[in-house]
Amino acid sequence: MEIATKYNPAEVEEKWYEYWLKNGYFKSKPDGREPYTIVIPPPNVTGVLHMGHMLNNTIQDILIRRARMTGKNACWVPGTDHASIATEAKVVNKLAAQGIKKTDLTREEFLKHAWEWTETHGGIILQQLRKLGASCDWDRTAFTMDELRSESVLKVFVDLYNKGLIYRGVRMVNWDPKALTALSDEEVVYKEEHGKLYYLRYKIEGEDGYAVVATTRPETIMGDTAMCINPNDPKNQHLKGKKVIVPLVNRVIPVIEDDYVDIEFGTGCLKVTPAHDVNDYMLGEKYNLPSIDIFNDNGTISDAAGMYVGMDRFDVRVQIEKDLEAAGLLEKTEAYTNKVGHSERTNVVIEPKLSMQWFLKMTDLAKPALEAVMNDDIKFYPAKYKNTYRYWMENVKDWCISRQLWWGHQIPAYYLPEGGYVVAATKEEALELARNKTGNSALQTEDLRQDEDCLDTWFSSWLWPISLFDGINHPGNEELNYYYPTSDLVTAPDIIFFWVARMIIAGYEYQKEMPFKNVYFTGIVRDKLGRKMSKSLGNSPDPLELIDRYGADGVRMGMMLSAPAGNDILFDDTLCEQGRNFNNKIWNAFRLVKGWSVDSSIDQPESAKIAVRWFDAMLKKASIEIADLFSKYRLSEALMVVYKLFWDEFSSWYLEMIKPGYQQPIDATTYEKTLSFFDDLLKLLHPFMPFITEELWQHICDRKEGESIMIAQLPGVETYDEVLLVQIETAKEIISGVRSIRLQKNIPNKDTLELQVIGQHNSGNDAVISKLANLSAILSVNEKDATAASFLVGTTEYAVPLGNNIDVEAELKKQEEELKYLRGFLKSVIAKLSNERFVNNAPAQVVEMERKKQSDAESKIKSLEESIAALKK
């Protein structure tokens, strides 16, 4: 195959992805190898690829590709999440655009539209992941509402209900007035808002005075059923045992006493609205207060309020301020900033609301899951997230698992005609239970009414690592036993509670073991100004456009160069440009090597022998380092090791060391070894940059149909010659020293030079030094040439005689200026070392560093003095 002059990702990427698919390299079946399993964090079925997905899936693909190349049976399971709230909102909006209201449809009609939407949009994001190079086992693609997963979810609900862990009751929940559903605490995002503190006058019954209450929500006064003071508050003692009148509403309510009230906040008087505040609800329960729900589900005022009926809650806030002012019942307002809960999905302000919901008891379920992470049975990377996890698990609340939606898993509870209910996975089972419970054998399926609500989306995805291998329906099956527990989970820290914690809980409840061994938390992708990427800010690039512009490998590399585990990624297009440039560097280096003519009759030069031994050691050292970094999930650092190995060591040094003379052939031994190094470098790079590495690997030699770098094994981790590496580093410093002199003195590279050595020097690598520095000879001398320009490598001085290449006057002036500077520098170092307080109090390494500065300066001064003396002769 002829290799193109320029690397064109568009030509390469689709070709090789199809090749991998055709040859089934992504597929996995249980066998005798060690399994390595990743389950994809299922993206929303409505979603399209964004930068967070790009990062997350690039990391997963790097891990899965490397696992394949280390001989493991790698299985990466893809899938999507039905995303109840998000999908239902999209379907409702689509129908609204057609003039159809959800309320005009039956559940079955609505679900037909929802499934149509899902079938149209559901596969988009998974198709887009292919562009990135994601090597998922696509035959295993799952959906949280497919038949197998749905069956699993209903079985688990019934099981937990039968264990007494699921209950139904009226509780204070977070209500989303836009989505018209309850939310769990974890779906509420608190945002700082600038509002007002309203000081309201509550007339004391039978007296002229007022009790003043400070509140941020005057629109809820229609639901007030008590006022509360702290019994230890000296300023409100006069209110004990009294009653007050709710402003505008004119309802008489009692003054109750409880330590819960903060004496310092506002006036120390608290209005109690049990139906619309979590803490007020607890006070209501404690003191048996009535509860008045003044809100409709959509956030408008209900008939129960008796005032402002039908108005939106925020419009009422504006109006009630005016009405209170007019009635002389508003003492004052103050600017006030507080944190207000918003729905994570719809971004509207949530409304605490009493509602009949289904709950899962979490306290006992959470215990084994907390211990597993605290004991490091499951490891978090970075470990800092263990504290976040512990805090949540130690303060876990019962999980509100019902949602007032139609799209999702309908709760498998069936209400009986004469009251009560039964819980069963199927209608047939429900009917049997109902007949047994009621003793009425004449009951029919149509006599039962299934609960209208759906389960929280997370109630299906918490089973993901088990349900993907059908572990709920068929416990202990072959696939589950082989692939579970999975190896690594790659996810964002913002779903540590929603998903990670709950999967661990489900794992211990249903498999009696962890669902995964390691959790790698990615950072949040931000723009270069540090802002979170979002549609509204318009600062999020389209990942597919980036791939079109820079190639998938360029984008993958750009992401990973800036992606240390757990830290936010400041993403900039220039990183993708750097990735593309690296692609071009690899391509050009390959073309250079492949462009050499080979002569098997010539001997291998000494410089090439040294270069081959040296780079072999470099490759082994890098392989060990990369394996160690992968074991610590430091993937960005692992990429940097390969990047530097290729760019700095292989391209900049090794190829220079072995390059044949202009229009000269290369010997066969060096050529074959160089192709072998290229093969190993491509393997190390493959997990990060799969496309270009496959393309070039196929060009190294004639490959058989069906061969692929994807399943080639990584170079083994072996010992290496550390001494040689140190020696070559010294040789590189010498070469760089000579090159600097050429640059300073404008001596062309084609002119050969002589190198004089004063001091210790290992001549074993002289062939490399001579070739790269273009030297005619390397000579040990006692005294350097008078015209020589010199430099130090360690304590050895190297000098290049300049002969006619030097302006003696200019050189003298320059060296005398340098000598003057060094003498001044040495004087300041000696002064510091003469100071007893510094020597006795400074850390030993700092003092040692100063002594080294003194020794280096003295050595340079001696060398300069000799050089100046020689020039003056």
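The expected span of a helix is 1.5 Å times one less than its number of residues. In this predicted model, helix 3 covers residues 84-97, and its 14 residues should therefore span 20 Å. The buried residues of helix 3 are Ser-84, Ile-85, Ala-86, Thr-87, Glu-88, Val-91 and Leu-95. Helix 4 (107-121), strand 6 (181-183) and strand 21 (454-455) are the elements against which these buried residues pack. Just after helix 3 comes Gly-99, with a positive phi of about 80 degrees.

Strand 1 (residues 35-39) is another element to consider for burial. Four of its five residues are buried, so strand 1 is largely enclosed by the rest of the structure. Strand 1 pairs with strand 2 (residues 73-77) in the parallel sense, over five bridges. Within this pairing, Ile-38 stands opposite Trp-76 of strand 2.

Antiparallel pairing is found in an open sheet of three strands, ordered 19-18-20. Strand 19 (421-423) and strand 20 (449-450) are the edge strands, each pairing on one side only. Strand 18 (residues 413-415) is joined to strand 20 by two bridges in the antiparallel sense, and Tyr-414 has Gln-450 in strand 20 as its bridge partner. Helix 11 (residues 427-438) packs on this sheet and touches strand 18, strand 19 and strand 20. The direction of helix 11 makes about 135 degrees with that of strand 19.

Two helix pairs remain. Two packed helices are described by the angle between their axes and the distance between the axes. Helix 1 (residues 9-22) packs with helix 22 (residues 690-700) at an angle of about 80 degrees, the axes being 9 Å apart. Angles of 65 to 115 degrees count as roughly perpendicular, and helix 1 is therefore roughly perpendicular to helix 22. On the helix 1 side, the contact is made by Val-12, Glu-13, Lys-15, Trp-16, Tyr-17, Tyr-19 and Trp-20. Helix 22 contributes Pro-690, Phe-691, Glu-694, Glu-695 and Gln-698. By class, the residues of this contact are seven nonpolar, one polar and four charged.

Helix 20 (residues 635-658) and helix 24 (residues 766-773) have their axes 9 Å apart and pack at an angle of about 100 degrees. Helix 20 and helix 24 are therefore roughly perpendicular to each other. Trp-653, Glu-656, Met-657 and Ile-658 of helix 20 make the contact with Val-768, Lys-771 and Leu-772 of helix 24. This contact has five nonpolar and two charged residues, with no polar ones.

How values were computed: Residues numbered from 1 in each chain as written. Predicted model: local features only at pLDDT ≥ 70, side-chain atom pairs only at ≥ 80, totals over all residues. Heavy atoms only, no water. Axes fitted to C-alpha atoms, helices over the stretch in contact; angles between N-to-C directions. Parallel < 35°, antiparallel > 145°, perpendicular 65-115°, else oblique. Contact = heavy atoms within 4.5 Å. Nonpolar A, V, L, I, M, F, W, Y, C, P; charged D, E, K, R; others polar. Buried < 20%, exposed > 50% of the residue type's maximum accessible area, 1.4 Å probe, protein only. Pairing = 2+ DSSP bridges.
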